[in-house]
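Subject: Predicted model, handover and notes

Hello,

Please find the model for your work below. My notes on it follow.

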Amino acid sequence: MSTTSAHAATEIANVKGAACLVSDESGRVLVTKDILNNLIAIPGGYVDSDNPADAAIRETREETGIDVKVVGELARPRNAVLYDCVALAPIPVHTGTNGEATVAAWKAEHFGREVRAVYMMKPDEDMLENARFPDQVAMFPELLKSSSKSPLDEQDNFSYLAHDFSVWNAGVNQQLQNAVSALPQTISGFVGSVLTTSSALGSGALFFLLLPIAIATGGIRRASEVLLVTVVATVIVSFGKLYFGVPRPFHIFPELQLAEASGFAFPSGNTATAFAVWGLLYHWLKQAGHDRITLWLVPSLLVALSRVYLGVHYVTDVLAGAVIGALIVFIVTSLNRRQWRDKPLLVHPAFWFIVGILTLPFAATQIQPLFLYCAVFSLIYAAMLLGNRVAITRDSGMGLKAGILTLFVIFAITGMAFWGGQVSNSSIEILAMNCLAVAFLAMWIGRGACLATR
């Protein structure tokens with residue numbers, strides 16, 4: 001091998017990452033928004049067995065659904081290569097009033113798994129502030145002077161890329177929005193505000209806010225109800241979204257979007273969460289002699305209606321979410337009355353070990369961190385329940401102190417996970433930090449709360 005060839009081979013061997021800079025005539029750059037940290041970056045990733053250029057092409061296709069070719073090399077920041085790439089076909093985009101163009105990327109392999117959304121954006125202060133790699137963004141204005149320009153396919157909507165049923169289904173969203181807009185202005189504004197606010201009644205954060213209440217009023221057995229509902233709902237909803245891959249209504253008709261949302265549509269996670277969380281609260285109050293089913297139905301139905309109004313879910317999505325949430329509550333509360341080898345089923349270590357094992361295949365085959373979090377939590381929780389007599393024998397509440405401490409722990413691990421996403425650019429490091437936070441929560445619920453409240 002010649003000296004020049006050896007030097008070139010060494011340079012390639014030292015390259016750890018590769019990315020594509022795809023731009024248009026307006027000076028906008030193709031970027032993705034990451035699921036783990038919600039930050040923006042141009043498509044790219046680690047170089048595996050292929051050469052850096054092929055890795056950049058592969059990552060761009062997987063993350064955005066756009067086929068590109070490498071025209072040349074633009075820069076080598078650290079151990080990465082930034083390539084000048086051009087799209088092989090016009091990029092389907094819809095430009096909003098802010099000049100930001102949304103790319104129709106829901107058919108990309110990693111959409112909804114690693115990628116929240118794909119845009120064509122100008123490298124301005126807003127991009128720099130939300131960038132995963134700010135040093136790269138700072139280079140873009142200069143690099144754009146010599147980069148190749150990709151053609152765009154500007155569209156008012158993407159109905160031509162969607163299934164006919166989804167297009168028809170989105171018509172219901174439009175009819176609901178039109179019906180609200182047709183009301184007198186004061187009433188229309190009030191109804192719109194109520195529906196927009198109501199969406200928060202189905203936030204996934206409610207699972208965690210329900211845990212302190214469960215610990216305080218029903219101890220670890222009641223907390224296990226919440227935890228099992230959370231794990232099962234997360235796995236079913238997340239897998240359903242990835243398996244069916246249904247684009248949201250605003251992915252097809254951008255003018256329908258009245259709220260932020262990412263990933264796929266079917267089934268509705270917010271609706272499933274609402275029917276699960278408020279269903280559990282209703283069940284607990286019913287056990288205490290207060291049979292008020294309106295506590296379950298009113299907030300849950302408001303969430304379902306709000307998701308359709310906001311243009312983030314179809315009617316079919318919320319119907320499926322309602323069925324999933326209601327069925328999970330019914331099954332889990334029924335299981336909580338069962339015994340296994342003279343121990344309550346939901347606090348039996350073997351039961352949670354089985355839950356963790358059943359979740360592992362999803363974590364191993366689906367590029368979506370939620371499955372891994374569920375598997376880690378279930379297995380650590382099973383370990384914490386081993387030999388825990390308080391969890392096995394006590395079916396009463398642990399009191400206000402335990403509830404407050406649990407709330408504090410939840411805020412602490414949430415802060416820990418958020419901090420990890422801000423201080424690291426590595427997806428692996430962020431994933432590890434989030435898994436550690438989930439493990440701490442399992443340790444606290446399974447063992448720490450008992451020790452701290454003796």
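**Second largest pocket**

The second largest pocket holds about 1,200 Å³ of space. A pocket here is an open set of points on a 1 Å grid over the protein atoms alone, where a 1.4 Å probe fits and protein lies on both sides within 12 Å along at least five of seven lines; lining residues have an atom within 4 Å of a point. Grid points are joined across faces, edges and corners, and the volume is the space filled by probe spheres set on the points. The lining has 45 residues, and the closest to the pocket centre are Gly-44, Gly-45, Tyr-46, Arg-132 and Ser-427.

This is a predicted model, in which local features need pLDDT of at least 70 and side-chain atom pairs count only at pLDDT 80 or more, while totals for chains, interfaces and linings use all residues. Residues are numbered from 1 along each chain as its sequence is written, and side-chain values use heavy atoms, with hydrogens and water left out.

Elements that each supply at least two lining residues include strand S1 (17-21), strand S2 (29-34), helix H2 (52-64) and helix H16 (427-452). Helices (H or I, at least four residues) and strands (E, at least two) are DSSP runs, numbered from the N terminus. By class, the lining has 18 nonpolar, 13 polar and 14 charged residues. Nonpolar covers Ala, Val, Leu, Ile, Met, Phe, Trp, Tyr, Cys and Pro, charged covers Asp, Glu, Lys and Arg, and the others, Gly among them, are polar.

Strand S6 (residues 80-87) has eight of its eight residues buried, where buried means under 20% relative accessible area, exposed over 50% and partly exposed in between (1.4 Å probe, protein chains only). Ala-80, Leu-82, Asp-84 and Val-86 point one way from S6, and Val-81, Tyr-83, Cys-85 and Ala-87 point the other way.

S1 runs parallel to S6, with five bridges between them; two strands pair if DSSP finds at least two bridges between them. Ala-19 stands opposite Leu-82 of S6. Strand S5 (residues 68-75) is antiparallel to S6 and is joined to it by six bridges, and Leu-82 is also the bridge partner of Ala-75. S5 and S6 form a hairpin with four residues between them, and Arg-78 in the turn has a positive phi of about 55°.

Ala-18 lies in S1 and is buried, at 3% relative accessibility. Beyond its neighbours within four places in sequence, Ala-18 has contacts (heavy atoms within 4.5 Å) that include Gly-44, Gly-45, Val-81 and Tyr-83.

**The six-stranded sheet**

Six strands form an open sheet of mixed pairing, in the order S3-S2-S9-S8-S7-S10. Strand S3 (40-41) and strand S10 (152-154) are at the edges with a single partner strand each, so one side of each has no neighbour in the sheet. H2 packs on the sheet, touching S2 and strand S9 (115-121), and its direction makes about 65° with that of S2; axes are lines fitted to C-alpha atoms, for helices over the stretch in contact, and angles run from 0 to 180 degrees between N-to-C directions.

**Backbone points to check**

Most residues other than glycine have a negative phi, and most peptide bonds are trans. Asn-38, in the loop between S2 and S3, has a positive phi near 65°. A cis peptide bond joins Phe-266 and Pro-267, with omega about -5°.

Regards
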